[in-house]
Amino acid sequence: MSHVNFTFDPQWWTTLHAPFMGNAFLAGICIAVASGVMGYFTIARHSTFAAHALAHIGLPGATGAVLLGLPVSMGLGIFALGGALTIGALGKRASQREIATGTVLAFATGLGLFFARLSTSATQQMQSILFGSILTITNGQIVGFVVFDAVLILLLAVIYRPLLFSSLDEQVAQAKGVPIALMNVAFMAVMAGVVTIAVPAVGTLLVFALVITPAATANIIAPSPFRSMLIASCLCLVSIWGGLAISAMFPAPPSFIIVTISTLFWAVAKAVSGLRQR
């Protein structure tokens, strides 16, 4: 029986200044910006299931990339984007998106397990894919994260108003001439990119905690969209950086601590909100 000794590491400050920690902290900034912004739209559009599913849809891409000797993030991104475009095209309304998401998710999960069984190396990569490995993020990935955030901000500057309108009241937005189908596809495509950069931090199983939980907490605290996005990004960043710092102090997986901090923020905000309503 294995024994885990949760003892304090007196060298934790030195660990925090290691190069791999520097990459992890920089990645945290990029992930927080993307997750905080898109998390708000995900909740407003009632697409939390779709956001969670995209990470699992990317699973066969990740395991398939290992089989072909390609970067895991490349395979993950291609499958997540393909799944996002399929869901966005098939699900014009929220109810239709649920059906399309469930169908694509079921097929992708089975395909991912099939690919994993074909290669020992793919099977070994499954743990990092499922639970993340933020401490192994490379300089090249950091550059990719920065580029994605820049593209995301520029894109939102163009489609912010119609995307927000269609997210808050789809029927009225459609009556006003907002291209609902195009907004669905654009949102899902961007969401696939957010999932792709967040998975290396916490994995496909826990990505929900970075994309949805901080945004849900921010919605409790702030009523306006912009303030909610800003608070969500800050909460996400604090969760990631706090998780990295605590994992340096104690021998615990960073992804677990990141998710725990994010969940605690939500629980506290929910409790305080409930007390105020009484």
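Q: When a residue counts as buried under 20% relative accessible area, exposed over 50% and partly exposed in between (1.4 Å probe, protein chains only), what percentage of the 278 residues of the protein counts as buried?
A: This is a predicted model, in which local features need pLDDT of at least 70, side-chain atom pairs count only at pLDDT 80 or more, and totals for chains, interfaces and linings use all residues. Residues are numbered from 1 along each chain as its sequence is written, and side-chain values use heavy atoms, with hydrogens and water left out. Of the 278 residues, the share that counts as buried is 48%.

Q: How many helices and strands does the protein have?
A: Helices (H or I, at least four residues) and strands (E, at least two) are DSSP runs, numbered from the N terminus. The secondary structure comes to 14 helices and 0 strands.

Q: Are H8 and H10 roughly parallel or roughly antiparallel to each other?
A: Helix H8 (residues 139-168) packs against helix H10 (residues 180-206) at an angle of about 155°, with the axes 10 Å apart. Axes are lines fitted to C-alpha atoms, for helices over the stretch in contact, and angles run from 0 to 180 degrees between N-to-C directions. Angles under 35 degrees count as roughly parallel, over 145 as roughly antiparallel, 65 to 115 as roughly perpendicular and the rest as oblique. H8 and H10 are therefore roughly antiparallel.

Q: Among contacts in the protein between residues at least 6 apart in sequence, what percentage joins residues at least 24 apart?
A: Contact means heavy atoms within 4.5 Å. Among the contacts between residues at least 6 apart, the share joining residues at least 24 apart is 76%.
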